[in-house]
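Please consult the sequence and the model alongside the text.

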Amino acid sequence: MSRQDGSDRTVSTDAVDDSSATLLHIDLDAFFASVELLDHPELVHLPVIVGHRSGRSVVTAANYVARRYGVNSAMPMALALRRCPAAVVLEPHMGRYKEYSDRVMRIFEDFTPLVEQLGIDEAFLDVAGARRLHGSPAEIGAKIRARVKSETGLTCSVGAASTKFVAKMASGRAKPDGLLVIPAEDTLAFLHPLPVGALWGVGATTEQALVGQGLRQIGDLARTPLAVLQKCVGEAAGRKLHELAWGRDPRVVTVEHEEKSVGHEVTFEFDVTDVARLRSELLRQSVAVAARLRRAGLVGRGVVLKVRYTDFSTVTRSRTLSEPTSVGRRIYEEVAASFDALAASGIRVRLIGVRVEQLSDGDGSGAGLWDPDDDWRGAERAVDSVTARFGRGMVRPASLLDPDKP
């Protein structure tokens, strides 16, 4: 929806009616790069890339100046430097990013206890109950932005709306360092002109299928009969897109008090260059992680890919699900998408891993709006039953079977 370089930035005026926009999505701007630039203010107006300066490494982050040259996170460093030869490359410092993230989240919690953190650099806030103390949603957003800037030196963008997914879209539109309020009555006017790919959860494959049917804008989706959408992208996805195209999103801000994670990783005896083998390993790990989640009665929203290369540089990529899951196929699809963005020609992998974070109690029944996994959920629970009776390894995905073994 919003280009990553901020060239289509849109912000609200003081006259906007924000009384219905009590859900905020706040996203720190170019977070990793911005933290590094706190120590290098002389570089603020130059293109800056965060990552290891080696031919096989990838871009961890880039500031907005570098993004205007077409540099984005997960891009091979060699390609990034070809696009922007003058870029300054700074080494990442993950400990500092965690420190600044914690400081920012504490600022959010000073305004409302209803803070749902998404990854390290963004969160949803429900400020409906904070208005008497702190003012209107727009005023709260402005106060938070001012405190983040004064107490950390970082900037953040705020989207305010009556639903979570519209608030997230608005914060993306406001980047960098802006605030955009979408009153409930203006939701459709905001949504319908945007491209279908702007919808949260629409990946490249789904977007291609929709555009192939002549559905280029969200308004086109809204005007398309539900049965036609379901024929194009499937029953569950079609229903989800139809609801979102009309601005419907019943999800509320969920506060998670305990940080936990479940994961698997493997270090190979020899570096692996076969992308198909690496994807197969990701599937195996995703299935195993999902089984552990189900045994513990947990679901997770954050899916993390970890890759360590032959030069020992390590990259992690996080994706946040719209609804928590314990379905292995869903976990695999998310880490596979992250992996595909990293799998440049000549990749040599020493370690690969899958982790699910932001855990909460639940059976993964998918009772909410986002429920594309009914069939896989049932199949994996059937596997759980067989495993409980006969032991592990009796049933596996067909793609994990070795054709060379009986």
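Two strands pair if DSSP finds at least two bridges between them; helices (H or I, at least four residues) and strands (E, at least two) are DSSP runs, numbered from the N terminus. The model is predicted: local features need pLDDT of at least 70 and side-chain atom pairs count only at pLDDT 80 or more, while totals for chains, interfaces and linings use all residues. Residues are numbered from 1 along each chain as its sequence is written, and side-chain values use heavy atoms, with hydrogens and water left out.

**Strands.** An open sheet of 3 strands has the order β3-β2-β4, with mixed pairing. Its edge strands, β3 (59-62) and β4 (88-90), each pair on one side only. On average, neighbouring strands of this sheet are turned by 30° against each other, direction ignored.

Strand β1 (residues 23-28) is largely enclosed by the rest of the structure, because 6 of its 6 residues are buried (under 20% relative accessible area, 1.4 Å probe, protein chains only; exposed is over 50%, partly exposed in between). L23, H25 and D27 point one way from β1, whereas L24, I26 and L28 point the other way.

| Pair | Bridges |
|---|---|
| β1 and β6 (residues 122-126) | 5 bridges |
| β1 and β7 (residues 156-161) | 6 bridges |
| β2 (residues 48-51) and β3 | 3 bridges |

Bridge partners include D126 in β6 for L23, A160 in β7 for L24 and A62 in β3 for I49.

Contact means heavy atoms within 4.5 Å, and L125 touches, among others, L24, I26, F108 and I144, not counting residues up to four places away in sequence.

**Helix packing.** The axes of α13 (residues 275-296) and α14 (residues 328-342) come within 8 Å and cross at roughly 145°. Axes are lines fitted to C-alpha atoms, for helices over the stretch in contact, and angles run from 0 to 180 degrees between N-to-C directions. Residues of α13 including L282 and V289 meet a set in α14 that includes Y332 and F339.
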